[in-house]
Amino acid sequence: MATESFEKRADRALGDAQLRRNFAFAMGNFILKRQAVFSDAAETERLRALGSAIKQRALSRLPELLTQLEAACTRNGIRVHWAETTAVANRVVLEIIQSHAASRVVKGKSMVSEEMHLNAFLASHGIEAIETDLGEFIIQLNGETPSHIIVPAIHKNKAQIAKIFHEKVPGAPYTEEVAELNAIARRTLRRKFYEVGIGLSGVNFAVAETGTLCLVENEGNGRMCTTVPAVHIAVMGLEKVVEKLEDLPPLLRLLTGSATGQLVTTYVNLITSPRREGEKDGPREVHLVILDNGRSRIYQDPQLRRTLQCVRCGTCLNHCPVYTRIGGHAYGFVYPGPIGQILTPQVEGLEKAGELAFASSLCGACEEVCPVKIPITELLRRLRDESYSAAPDGGVPGRGCRQNLVERLAWKGWELLNTHPRLNRLATALLGRAGEYLPPGGPLERWMRYRSQPQFAPRSLHRRIQEEGIPDE
Amino acid sequence: MTPESAKPAKIYFFGTCLIDAFYPEAGLAAIRLIEREGVRVVFPPGQSCCGQPAYNSGFPDQARAVARQQLRIFRQDIPVVVPSGSCAGMMKHHYPALFAGTEEEASARALAGRVFEWSEFMVRVLGVRYEDRGAPLRVTWHSSCHALREMKVVEFSKQLLRQLGNVELAELARERECCGFGGTFSIKHPAISGALVNDKVDDIERTGAERVIGGDCGCLMNIAGAAGRRGLPFAEQHLAEFIWERIHGD
């Protein structure tokens, strides 16, 4: 977690012209790509309704499905581990690695592993985690965290990546040719897949019915990580479980269409067991680590539960006018953008992360495209309500943490003005006459940082209507 | 255009707090244009704000108190016409949730069912036809997020604009993007809001329009404020006021 306020981080990001250009360019492209695959509005709506229904149905049976998933995986030879916290999840992963006396892990892209801060944890135990997704590889070289949940290095342009490769990859020449940059990454990574005995990946969907782990990707590194090393460890949040294999086609269509504007990803991996007798490849051991980290608490509340429908496509980031201007790092937590703004305050608590819920104009661009129809603005409002709530217990951790006298009085005053017509007319009359002499502090000063002073009308609509004799009943 | 429903004898007009204090001409024009179609407009003087500022800021109790005032005032079973997509959206789509489980729930639902955004009412219910008497003018249109996504009425507003024969509509490149107003958001996050509105102003400037027309005075105040600060020449105007001007040849 970052130590400065969100506002400070956002201000700095806004001042970085290169960063803003990179995001504006990349997000604009993602929006166009998505539009191209979801050009039929009625069909897209049908598909989104289906995706939403599948995830809601799965969540309504969550405990049962998780039990079923564990049984099915176990039957298939996948070892299932439960982790209530990220600390437990990290320990589980560490113990598996240590049981094989390994000192390196090749990793496919996994946001849950970011949530666990797994790489740093493993490093503190002398184990090197090697990111093999191209974007993750770039930011790992540069000592950064992902700025986007699908395209982690999207804040970098070609020239910046060329410089990182040239400086951080031994023997790499400076080149801005994409094919050459890819070749450098491939050469560096390919050897690691053969050398390293442990592969780690995330999970996009886990099918309870069959005990199948579904993983989509475009670079083949995910398949390498899950088939070449002798041991495969998959980490997932417990909300990733779906009922049946049939649920996958619409969800995959929604996920890839929303995320990258693809009809299907280059690789769709369905992992159902370790290498079986007589099979020539595949890991000897497959482990599934199922992480809770606050999710089961979110699950308890029917409204908040809808947060867990998320399939991590990242399209809410791409369409968010705030995210596209400040980028992912400014949010200060693992999950940026609209999904991060509703998820992080619930997981980390309102004291630590509640300010994220306020960093939205509630324009609704995110929920308009969300493939599983998460009511993001409704949830942002809920978190705002919780932040100021005087209700004692329950709800989101840190409930009521923003309560303060100044705002309470301001809103009470606003209420009085808007429930007492005479007072209201008096106030607008005063502002109409003397509005320009308002003291230049507080909200007005913040408004006027980027705008001229608002001009109150000399006579309000109420007064004009009275003068014009428009009927009042 | 054929109206979709019968023309009511009278309607309520909800002026909104921003129009009341900043853009009364827009409110008057919206009323006159309805009256012009032979509909009696009732403006109950006790009306104030839809309650959205508090509703979006984490103060639902205060929002409810202010919304209750409107529920009490707009009682008769006649349409409530609102010259703002955002305030109309609040009343139509959020009042039922705001009053869920309270004794006013039924009346909140009833009111929600009677709410029309102004341009929607003019097109869908009144089926108005306008003759443009103004001089040739190039304008652009700003869609507010709530008119676009909650009320879904932008098409009606544009239908009205397109009736004005001497008006050239130059559309924005990023019409669907928020102008950064967001009510209290513009004050809580001035820098982000400022970045958004400045990008919107750039977009407007690139159209070469002399005026930006919109259906939501919050957005217009935001956009005009940022343009004014930068000393840019274009003016902002509510659609109703613009139409009133055009059909009178002003």
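Me: How many helices and strands does chain A have?
Reply: This is a predicted model, in which local features need pLDDT of at least 70, side-chain atom pairs count only at pLDDT 80 or more, and totals for chains, interfaces and linings use all residues. Residues are numbered from 1 along each chain as its sequence is written, with chains lettered from A and ligands numbered from 1 in the order in which they are written. Helices (H or I, at least four residues) and strands (E, at least two) are DSSP runs, numbered from the N terminus. On that basis chain A has 23 helices and ten strands.

Me: What radius of gyration does chain A have, against the value for a compact globule?
Reply: The C-alpha trace spans about 90 × 55 × 45 Å along the principal axes of chain A. The radius of gyration is taken over C-alpha atoms, and the globule rule is 2.2 Å times the number of residues to the power 0.38. For 473 residues that rule gives near 23 Å, which agrees with the value for chain A, 26 Å.

Me: What percentage of the residues of chain A count as buried?
Reply: A residue is buried if 20 or more other C-beta atoms lie within 10 Å of its own, exposed if 12 or fewer, and partly exposed in between, with C-beta atoms placed from the backbone. Of the 473 residues of chain A, the buried share is 48%.

Me: How far apart are the C-alpha centres of domain 1 and domain 2 of chain A?
Reply: Domain bounds come from an automatic or database domain assignment. In chain A they are domain 1 (38–293) and domain 2 (424–468). The distance between their C-alpha centres is 55 Å.

Me: Why is strand S6 of chain A described as largely enclosed?
Reply: S6(A) covers residues 212–217. A:Thr212, A:Cys214 and A:Val216 point one way, A:Leu213, A:Leu215 and A:Glu217 the other, and all are buried. The strand is largely enclosed by the rest of the structure because the buried count is six of the six residues.

Me: Which residue of S9(A) is the bridge partner of A:Glu217?
Reply: Two strands pair if DSSP finds at least two bridges between them. S5 (residues 205–207) runs antiparallel to S6(A) over three bridges, with A:Val207 opposite A:Thr212. Five bridges join S6(A) to S9 (residues 267–271) of chain A, also in the antiparallel sense. There, A:Glu217 is partnered by A:Tyr267.

Me: Which residue in the turn between S5(A) and S6(A) has a positive phi?
Reply: The two strands form a hairpin with four residues between them. The positive phi, about 70°, belongs to A:Gly211.

Me: Which elements do the buried residues of H8(A) pack against?
Reply: Helix H8 (residues 134–141) of chain A has seven of its eight residues buried, so it is largely enclosed by the rest of the structure. Among them are A:Phe137, A:Ile138 and A:Ile139. Contact means C-beta atoms, placed from the backbone, within 7 Å. The packing partners in chain A are strand S3 (128–131), helix H9 (158–168) and helix H10 (178–195).

Me: Which helix supplies the largest share of the side of chain A that touches chain B?
Reply: The contact takes 53 residues from chain A and 56 residues from chain B. Several helices of chain A each supply at least two residues to that side, including H1 (6–14), H19 (376–388) and H20 (405–419). The largest share, six residues, comes from H20(A).

Me: Where is A:Lys373, and is it buried or partly exposed?
Reply: Most residues other than glycine have a negative phi. A:Lys373 has a positive phi of about 55° although it is not a glycine. A:Lys373 is in the loop between H18 and H19 of chain A. With 19 C-beta neighbours inside 10 Å, A:Lys373 counts as partly exposed.

Terms used:
Contact = placed C-beta atoms within 7 Å.
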